[in-house]
Amino acid sequence: MEDGFNEARALRIAEIVTEFHSLQSRIAEYSPNHSPDEYFEEGYEILRQCRAEAQAVLVAPYPTEPSDVSSVSDDSEKRQLQRIILDASARRFQSKKIYLRAVAAVRWSNARNAILQSGKPLQQQAVLLQQATANLHTELAAVTDTRIFNEFWQTDAEAGYWLQEDPPLATILDWLRAYPA
């Protein structure tokens with residue numbers, strides 16, 4: 001049965017996908033820039049991992065479901081649009097989580113570079129380097145599912161977006177478990 005909201009659903013998909021694309025673009029800008037002997041430093045490993053995860057989210061196929069091609073109706077269009085909203089929301093959620101981790105790693109890298117000033121680590125810099133790593137761990141611990149979901153909800157509501165069919169956090173997490181990137 002036609003409910004008149006398919007146009008709103010399609011617009012919502014465009015809004016979510018636009019933000020997803022923006023997050024992916026920002027993640028792609030972050031590139032580990034380090035010497036070979038720093039390759040295994042924690043922050044650089046995290047940054048490489050974030051780039052790989054972002055790429056995996058980007059290329060993950062849309063999970064299709066068997067459909068009855070004989071019944072092309074407004075109701076089947078509604079269900080398909082709702083499914084796309086869920087998939088797009090999950091990808092945006094994953095990308096935001098990756099982005100926040102990447103930002104933390106870049107901050108760590110910037111702090112490390114400021115401490116080392118293009119030189120090798122010295123004994124008197126150990127405390128400062130440990131503090132930079134501790135700050136990294138604090139930032140990573142603050143990247144929670146609830147935080148990300150609430151930030152999206154707040155910014156989307158403030159922007160006046162149509163949120164009536166945005167999936168709740170539990171549904172997004174279920175989707176991600178069912179269709180990992």
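What follows is a chat about the helices, salt bridges and nonpolar cores of a predicted model.

Trainee: Which residues touch the most other members of the largest nonpolar core?

Mentor: In this predicted model, the largest nonpolar core has 35 residues, and those that touch the most other members are Phe93, Ile98, Tyr99, Ile148 and Ile172.

Trainee: And which helix gives the most to this core?

Mentor: Helix H3 gives the most, with 14 residues, although H1, H2, H3, H4, H5 and H6 each supply at least two residues of the core. Apart from this core lies another one, of 5 residues, which include Ile13, Ile16, Leu81 and Ala88.

Trainee: Moving to H6, which of its residues are buried?

Mentor: Helix H6 covers residues 169–178, and its buried residues are Leu169, Ile172, Leu173, Trp175 and Leu176. Viewed down the axis of H6, these buried residues fall within an arc of 160 degrees, so they line one face of the helix.

Trainee: What covers the buried residues of H6?

Mentor: The cover includes H3 and helix H5, the latter running over 145–158.

Trainee: Okay, Arg83 next: is it buried or exposed?

Mentor: Arg83, which lies in helix H3 (residues 74–116), counts as buried because its relative accessibility is 12%, and the cut-off for buried is under 20%.

Trainee: What does Arg83 touch, then?

Mentor: Not counting residues up to four places away in sequence, Arg83 touches Tyr62, Pro63, Thr64, Glu65, Trp175 and Tyr179. Of these, Trp175 is also one of the buried residues of H6.

Trainee: Switching to charges, how many salt bridges are there?

Mentor: The count comes to 18 salt bridges. One of them joins Lys78 to Asp3, with the closest N and O atoms 3.5 Å apart. Lys78 lies in helix H3 and Asp3 in the segment before helix H1 (6–29), so this pair ties together parts that are 75 residues apart in sequence.

Trainee: How accessible are Lys78 and Asp3?

Mentor: Lys78 is partly exposed, with a relative accessible area of 21%, and Asp3 is likewise partly exposed, at 29%.

Trainee: What about Arg101 and Glu53, how do their side chains meet?

Mentor: The side chains of Arg101 and Glu53 meet in a salt bridge, at 2.7 Å from N to O. This pair also links distant parts of the chain, with Arg101 in helix H3 and Glu53 in helix H2, 48 residues apart. Arg101 counts as buried, at 17% relative accessibility, whereas Glu53 is partly exposed, with a relative accessible area of 26%.

Trainee: And where do Arg147 and Glu151 lie?

Mentor: Both lie in helix H5, 4 residues apart, which is about one turn of the helix, and their side chains meet in a salt bridge of 2.9 Å, N to O. An α-helix has 3.6 residues a turn, so residues three or four places apart point the same way. Arg147 is partly exposed, with a relative accessible area of 31%, and Glu151 is partly exposed too, at 28%.

Trainee: Which residues are linked in a network of salt bridges?

Mentor: The residues linked in that network are Arg12, Glu15, Glu19, Arg92, Asp156 and Asp166.

Trainee: Back to packing, at what angle do H2 and H4 pack?

Mentor: Helix H2 (residues 42–59) and helix H4 (residues 126–141) pack at an angle of about 35 degrees, and their axes are 10 Å apart. H2 contributes Glu42, Gly43 and Ile46 to the contact, while H4 contributes Thr133, Leu136, His137 and Leu140. By kind, the residues of this contact divide into 3 nonpolar, 3 polar and 1 charged.

Trainee: Last one, where is Lys120 found, and is it buried or exposed?

Mentor: Lys120 is found in the loop between H3 and H4, and it is exposed, with a relative accessible area of 56%. Leaving aside neighbours within four places in sequence, Lys120 is in contact with Asp37 and Gln125. Lys120 and Glu38 are 82 residues apart in sequence, yet 10.0 Å apart in space, C-alpha to C-alpha.

Methods: Residues numbered from 1 in each chain as written. Predicted model: local features only at pLDDT ≥ 70, side-chain atom pairs only at ≥ 80, totals over all residues. Heavy atoms only, no water. Buried < 20%, exposed > 50% of the residue type's maximum accessible area, 1.4 Å probe, protein only. Contact = heavy atoms within 4.5 Å. Axes fitted to C-alpha atoms, helices over the stretch in contact; angles between N-to-C directions. Nonpolar A, V, L, I, M, F, W, Y, C, P; charged D, E, K, R; others polar. Arc of directions from axis to C-beta. Salt bridge = Lys/Arg side-chain N within 4 Å of Asp/Glu carboxyl O. Core = buried A, V, L, I, M, F, W, Y, C linked by side-chain atoms within 4.5 Å.
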